[in-house]
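Please open the model in your viewer and keep the selection tool at hand. The stops below say what to select next and what is there.

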Amino acid sequence: DWIVMKCLEKDRQRRYETANGLAADLRRYLDNEPVLARPPSPLYKLQKAIRRNKLLYASGLLIFAALAIGLGVSAWLFVRERNTARALREERLNGVVDRATMAVISGDPNAVRLALEDAQAKGVSGGQLHMLRGQHAIASGDPENAIKFASQAVQELPGSVAARAVLAIAFVTGQRWYDYDRVAK
């Protein structure tokens with residue numbers, strides 16, 4: 001269309017100067033090269049380059065798609081692995097805390113000491129350790145230490161209902177009813 005329009009142009013200065021100019025533009029068109037009759041926009045040049053080198057651009061597109069898919073799958077697997085590792089760590093820590101709680105309930109001071117050491121060695125948070133120590137102090141009949149440890153647990157785990165419950169039990173054990181009312185609300 002551009003070549004025909006240039007041939008039919010009313011202004012002589014804008015037409016092809018010679019028949020060789022027209023022949024060269026037709027040759028460019030047939031070879032999928034940019035023609036001189038059309039304004040050379042970047043998109044037009046890209047279209048012509050793609051038509052001339054279909055195999056090269058297709059293979060480049062395939063490589064890019066493979067890399068993009070590989071990156072997407074790698075990112076998905078990374079996130080999945082991280083979530084699985086986090087869940088396994090939480091499960092392991094919950095098991096350690098459960099064993100320590102059972103040791104506290106059993107009342108065996110040696111079992112409690114070993115369970116607390118195991119919990120600390122396996123990375124249980126300080127708040128949970130303070131809560132376990134508070135439970136042990138309650139079971140041992142030491143309300144002052146129970147209140148101290150349970151208060152530290154509440155400070156380190158402000159949203160924990162279990163830490164607040166241990167503190168409330170410690171206040172009841174120590175017969176500090178005013179403090180119990182404050183915590184229980």
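A residue is called buried when its relative accessible area is under 20%, exposed when that area is over 50%, and partly exposed in between, using a 1.4 Å probe and protein chains only. This is a predicted model, in which local features need pLDDT of at least 70 and side-chain atom pairs count only at pLDDT 80 or more, while totals for chains, interfaces and linings use all residues. Residues are numbered from 1 along each chain as its sequence is written, and side-chain values use heavy atoms, with hydrogens and water left out.

**Salt bridges**

Begin with the charged pairs: the structure holds two salt bridges, a salt bridge being a side-chain nitrogen of Lys or Arg within 4 Å of a carboxyl oxygen of Asp or Glu. Asp-25 is buried, with a relative accessible area of 0%.

**The nonpolar patch**

Now select Leu-43, Leu-46, Ile-50, Leu-56 and Tyr-57, which form a nonpolar patch on the surface with about 470 Å² of accessible area together. Such a patch joins nonpolar side chains (Val, Leu, Ile, Met, Phe, Trp, Tyr) within 5 Å, taken from residues with over 30% relative accessible area and no salt bridge, and accessible areas come from the Shrake-Rupley method with a 1.4 Å probe. Helix 3 (42-52) and helix 4 (54-106) each supply at least two of the patch residues, and the largest share, three residues, comes from helix 3. Leu-46 is found in helix 3, and at 41% relative accessibility this leucine counts as partly exposed.

**Helix 5**

Move on to helix 5 (residues 109-121) and colour Val-112, Ala-115, Leu-116 and Ala-119, which are buried. Seen down the axis of helix 5, its buried residues fall within an arc of 100°, so they line one face of the helix; the arc is that of the directions from the helix axis to the C-beta atoms. Finish at Gly-123, which follows helix 5 and has a positive phi, near 90°.

Technical notes. Patch = residues over 30% accessible without salt bridge, like charges linked within 9 Å, V, L, I, M, F, W, Y side chains within 5 Å. Helix = DSSP H or I, 4+ residues; strand = E, 2+ residues; numbered from the N terminus.
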